[in-house]
Amino acid sequence: MALITQRPKGTQDVKPDEVYKWHTIEKIAAETAECYGFKEIRFPTFENTALFKRSVGDTTDVVQKEMYSVSAKSPANGKDPDDFTLRPEGTAGAARAVIENGLLNEALPQKVYYIISCFRHEKPQAGRLREFHQFGAEMYGSSDPSADAEVIALAKSLLDRLGLDNVELFINSIGCPTCRAEYHKALKAYFESRKGELCPTCLDRLERNPMRILDCKSPICQDIAKDAPVILDYLCEECSVHFDKLKSYLGSMGIDYKINPKIVRGLDYYTKTVFEFITTDIGAQGTVCGGGRYDGLIEQLGGNPAPALGFAMGLERLIMTMESKNAPFNQEKKCDIYIGAMGDNAQIKAIGMVKALRDHGFLAECDVMGRGVKAQMKYANKIGAGFALILGDNELESGKANLKNMMTGEQLEIEINDTFVEKFTYIRMADVLAGELGV
Ligand code: HAM
């Protein structure tokens with residue numbers, strides 16, 4: 001029984017009384033992205049496994065250890081088995097969608113954002129889940145460092161708008177294939193000297209992609225990696241100039257940053273700029289945002305060559321950080337009015353009035369539990385109704401009822417005919433205004 005009443009390890013439920021936190025972030029993220037000219041893109045939760053192997057890279061932890069891959073039992077074409085993977089991140093799927101839909105033939109740069117669920121089979125801990133959610137933004141078509149600055153500025157603006165001022169920006173450049181070749185040689189030489197201590201996965205990486213040893217999660221490999229050569233010492237002229245210009249642009253935008261030559265990111269597609277926003281407020285998993293440039297990916301996936309860059313933020317980590325800072329979330333909508341009823345005729349009237357109120361955008365409620373009027377009012381209190389009104393035979397006869405302001409206790413006689421919704425609109429507006437002005 002436990003199996004069907006317990007959620008899978010590393011996943012989370014969001015209860016109805018917590019969901020407003022998600023709405024806050026999703027709304028502010030979308031609004032901020034739109035100010036920067038990004039438009040929403042949607043793409044499938046699963047893709048062909050080959051897409052992730054090719055883009056994220058088959059020597060990364062994500063591909064080697066963390067992907068949820070499934071084979072369709074009866075292949076659609078009757079021949080090759082379909083091999084799909086639940087997306088571990090958004091960049092690959094977004095790039096595939098952009099290529100497939102010909103968006104790179106339209107005006108450049110193309111700027112897209114997404115809010116998605118992602119899946120990685122990691123060891124769960126606070127801030128590290130197996131199903132998690134990302135807000136991501138990607139820009140295609142510009143190789144200029146001003147694009148890097150703009151993408152970083154978008155991430156920074158969003159963090160600011162969420163009230164997260166205690167998040168530090170770290171930047172690095174991991175160069176292009178030209179400078180990377182020299183760097184790989186140096187790294188290989190370094191790790192060869194400690195070969196006996198590396199984990200089996202990193203032994204394989206030593207041959208195929210020594211940079212991936214730098215983000216191995218094994219504590220021993222991490223310790224060895226501490227003294228490894230850093231890529232910044234190997235940048236070619238073009239990559240150095242690109243990085244310097246980015247720094248000037250960030251300076252001009254007033255965005256503080258620190259250079260961390262150890263950031264290499266755990267995904268293979270990056271070139272030149274990489275960055276992370278990190279907070280110390282939520283424990284070990286403090287990276288709330290990661291991103292960078294990936295100039296080779298579109299071509300690698302079969303598109304016409306196009307430089308690109310972007311970032312993604314973990315929504316669970318953003319919520320944790322906001323909670324730790326007591327940053328404000330938009331409050332959930334509260335019940336505007338509860339219409340209680342005594343007797344069958346009153347209930348018929350109440351149901352009609354509630355429908356009319358809802359059609360005008362109010363959150364209106366009436367009894368659907370067959371409760372007595374006392375229990376109805378108890379419920380109205382519990383859900384924090386702003387106003388309440390009780391209908392009985394007298395009210396039906398006179399066509400008037402007492403509208404009670406549940407905060408102040410004030411009562412006002414109001415007609416319960418066709419003018420009711422219009423009159424209630426003014427009363428509610430005045431009440432909201434009074435609340436906002438504190439009168
Ligand atoms: P990433 O660094 O793998 O990059 O993930 C981005 C963010 O997602 C992380 O900084 C973190 O906040 C969140 N995240 C990652 N894994 C987990 C997890 N297991 N549980 C909770 N949150 C997690 C990417 O995914 C790239 N696609 C970012 C990017 C976009 N680069 C260019 N464009």
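This is a predicted model: local features need pLDDT of at least 70, side-chain atom pairs count only at pLDDT 80 or more; totals for chains, interfaces and linings use all residues.
Q: How far apart are the ends of helix 13?
A: The end C-alpha atoms are 23 Å apart. Helix 13 covers residues 344-359, which is 16 residues. At 1.5 Å a residue they should span 22 Å, so the two values agree.

Q: Which residues of helix 13 are buried?
A: Ala-346, Ala-350, Met-353, Val-354 and Leu-357. Down the helix axis they fall within an arc of 105°, so they line one face of helix 13.

Q: And which are exposed on the other side?
A: Asp-344, Asn-345, Ile-348 and Asp-359.

Q: In what sense does strand 14 pair with strand 12, parallel or antiparallel?
A: Parallel, over 5 bridges. Tyr-338 stands opposite Ala-388 of strand 14 there.

Q: And with strand 15, parallel or antiparallel?
A: Antiparallel, over 3 bridges. Strand 15 covers residues 400-405. Phe-387 faces Asn-405 in that pairing.

Q: New topic, cysteines. How many disulfides does the count give?
A: The count comes to 0 disulfides. Take Cys-199: its nearest cysteine sulfur belongs to Cys-202, 3.7 Å away. The cut-off for a disulfide is 2.5 Å between sulfurs.

Q: What about Cys-221?
A: Its closest cysteine sulfur is in Cys-199, at 3.8 Å. That is too far for a bond.

Q: Is Cys-199 buried or exposed?
A: Buried, with a relative accessible area of 15%. Cys-221 is buried too, at 0% relative accessibility.

Q: Where does Cys-202 sit?
A: In helix 8, residues 200-208. Cys-202 is buried there, along with Arg-205 and Leu-206. Seen down the axis, the buried residues of helix 8 fall within an arc of 110°, so they line one face.

Q: Which helices does that buried set pack against?
A: Helix 4 (61-66), helix 7 (177-192) and helix 9 (219-225).

Q: On to sheets. What is the strand order in the 8-strand one?
A: The order is 1-5-6-11-10-9-7-8. This sheet is open and its pairing is mixed.

Q: Which strands stand at its edges?
A: Strand 1 (39-40) and strand 8 (258-259). Each has a single partner strand, so one side of each is left without a neighbour in the sheet.

Q: How many bridges join strand 5 and strand 6?
A: 10 bridges, in the antiparallel sense. Strand 5 is residues 110-119, and strand 6 is residues 131-140.

Q: Which helix lies across strand 5 and strand 6?
A: Helix 2, residues 19-35. It runs at about 160° to strand 5.

Q: What does helix 10 lie across?
A: Strand 7 (167-173), strand 8, strand 9 and strand 10 (287-293). Helix 10 is residues 237-253, and it runs at about 155° to strand 7.

Q: I've got my eye on Thr-273. Where does it lie?
A: In strand 9, residues 271-279. Thr-273 counts as buried, at 2% relative accessibility.

Q: What is Thr-273 in contact with, leaving aside neighbours within four places in sequence?
A: Asp-148, Asn-172, Ser-173, His-242, Leu-246, Gly-292 and Arg-293.

Q: How many bridges join strand 3 to strand 4?
A: 3 bridges, and the two strands run antiparallel. Strand 4 is residues 83-86. Ser-71 has Asp-83 of strand 4 as its bridge partner.

Technical notes: Residues are numbered from 1 along each chain as its sequence is written. Side-chain values use heavy atoms; hydrogens and water are left out. Buried means under 20% relative accessible area, exposed over 50%, partly exposed in between (1.4 Å probe, protein chains only). Helices (H or I, at least four residues) and strands (E, at least two) are DSSP runs, numbered from the N terminus. The arc is that of the directions from the helix axis to the C-beta atoms. Contact means heavy atoms within 4.5 Å. The expected span of a helix is 1.5 Å times one less than its number of residues. Two strands pair if DSSP finds at least two bridges between them. Axes are lines fitted to C-alpha atoms, for helices over the stretch in contact, and angles run from 0 to 180 degrees between N-to-C directions.
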